[in-house]
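Could you walk me through this structure, step by step?

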Amino acid sequence: MPELPEVEHVVRTLRQLLCGDEILDVRVQRAPLIRPMTVAAFRAGVRGRRVEDVRRRAKFILIDLAGGRTILAHLRMTGGFVFAEPAVEPPENSRVVFYLKSGYKLGFTDTRNLGTMKLVRAKELGRLKELQPLGIEPLEPEFTPERLSELLGGSRRSIKEFLLDQTKIAGVGNIYAAEALHRAGISPRRRAATVAKSRERRAALHQSIVETLREAVEIQQTGIPLHLDLLGENIPNGYGPRTEEVFRVYDREGQPCDTCGAPIRRIKQGGRSTYFCARCQR
DNA sequence: AAACTCCCCTGATCGC
DNA sequence: TGCGATCAGGGGAGTT
């Protein structure tokens with residue numbers, strides 16, 4: 001369920017918490033998570049290594065370790081990290097727990113067991129089947145209206161399905177695709193190619209994608225984090241709005257559109273729900 | 001290449 | 001109330 005903004009928040013927080021610390025040991029409660037790697041190999045590969053950086057690529061979390069190894073993690077639908085103070089135990093249901101030299105612990109929880117974690121060599125990152133196909137980062141400067149237009153090209157797909165394609169724009173998921181399209185006033189059913197043809201529409205979509213994601217990152221930073229729990233007395237946690245309280249259309253079927261008052265509609269596209277306002281999105 | 005289908009897994013909710 | 005069907009914000013593999 002986490003999309004780019006939620007993953008970005010997890011990454012920024014973990015970067016502060018983990019960098020410079022060392023992984024003393026790891027307990028893998030659920031082996032399939034790190035498949036096809038064996039637990040023994042994973043353990044041997046991370047033990048004694050210092051965390052040098054934590055980064056994001058699309059919805060992937062990269063934890064760079066000393067010695068040219070990187071933990072590549074994906075939260076999928078229900079994954080999340082839990083960072084616990086020395087005196088506090090991470091949740092029982094943690095699939096993986098890292099024990100750090102500082103005494104802190106990092107747990108990985110995942111109700112649906114769809115999340116993944118693997119250890120790779122840093123120099124292989126660019127060729128990984130997970131990372132290689134990924135498209136442009138929408139919050140990087142190279143994402144411009146012109147670039148968006150090129151990507152949209154002559155695609156006959158709906159613009160909503162296009163936005164979910166990680167090989168085009170990386171990191172946008174079902175929620176923020178709907179939110180960005182509402183903000184841009186573009187119907188999710190419109191063909192991608194027709195957005196590319198209109199200077200006005202492609203500019204509006206570009207701006208709405210960037211603004212929607214930027215604002216969502218800010219809310220994650222100041223609000224209640226959805227995919228990262230910090231356990232302990234001395235760790236500041238976020239307060240403020242819940243992310244879902246600021247959605248304009250997502251999961252708001254039947255409620256009035258903030259812009260025009262028409263009821264928000266829900267349709268199916270590519271097997272997934274799309275929420276939109278049929279009056280102000282054209 | 002794009003567009004299908006099916007699959008992975010668990011829990012909450014829906015509809016009869 | 002009970003119970004099967006459906007759905008959930010993720011990606012991947014295989015097919016046409």
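V28 counts as buried, because its relative accessibility is 15% and buried means under 20% relative accessible area, exposed over 50% and partly exposed in between, with a 1.4 Å probe and protein chains only. V28 is found in strand 1; helices (H or I, at least four residues) and strands (E, at least two) are DSSP runs, numbered from the N terminus. Leaving aside residues up to four places away in sequence, V28 touches I34, V39, F42, R95 and V96, where contact means heavy atoms within 4.5 Å. R95 is 67 residues apart from V28 along the chain, yet their C-alpha atoms are separated by 6.1 Å.

A word on what you are looking at: this is a predicted model, in which local features need pLDDT of at least 70 and side-chain atom pairs count only at pLDDT 80 or more, while totals for chains, interfaces and linings use all residues. Residues are numbered from 1 along each chain as its sequence is written, chains are lettered from A and ligands numbered from 1 in the order in which they are written, and side-chain values use heavy atoms, with hydrogens and water left out.

Now step back to the whole chain. Chain A contains seven helices and 11 strands. Its radius of gyration is 20 Å, which agrees with the value near 19 Å that a compact globule of 282 residues would have; the radius is taken over C-alpha atoms, and the globule rule is 2.2 Å times the number of residues to the power 0.38. The C-alpha trace of chain A spans about 55 × 40 × 30 Å along its principal axes. Of the 282 residues, 52% count as buried. Among contacts between residues at least 6 apart in sequence, 64% join residues at least 24 apart.

Nine strands form an open sheet with mixed pairing, in the order 8-4-3-2-1-6-7-5-9; two strands pair if DSSP finds at least two bridges between them. Strand 8 (116-121) and strand 9 stand at the edges with a single partner strand each, so one side of each is left without a neighbour in the sheet. On average, neighbouring strands of this sheet are turned by 25° against each other, direction ignored.

Strand 5 (residues 79-84) and strand 9 run parallel and are joined by four bridges, and F81 has L228 as its bridge partner in strand 9.

Y99 stands opposite K105 in strand 7.

Helices lie against this sheet. Helix 1 (residues 4-18) lies across several strands, including strand 2 (49-57) and strand 3 (60-65), and runs at about 160° to strand 2. Helix 2 (residues 39-46) packs on the sheet too, with strand 1 (22-28) among the strands it touches, and its direction makes about 170° with that of strand 1. For these angles, axes are lines fitted to C-alpha atoms, for helices over the stretch in contact, and angles run from 0 to 180 degrees between N-to-C directions.

Which residues of helix 2 are buried? They include F42, G45 and V46. These cover an arc of only 85° around the axis, which puts them on the same side of helix 2; the arc is that of the directions from the helix axis to the C-beta atoms. The face turned away from the buried side of helix 2 carries the exposed residues A40 and A44. Just after helix 2, G48 takes a positive phi of about 80°.
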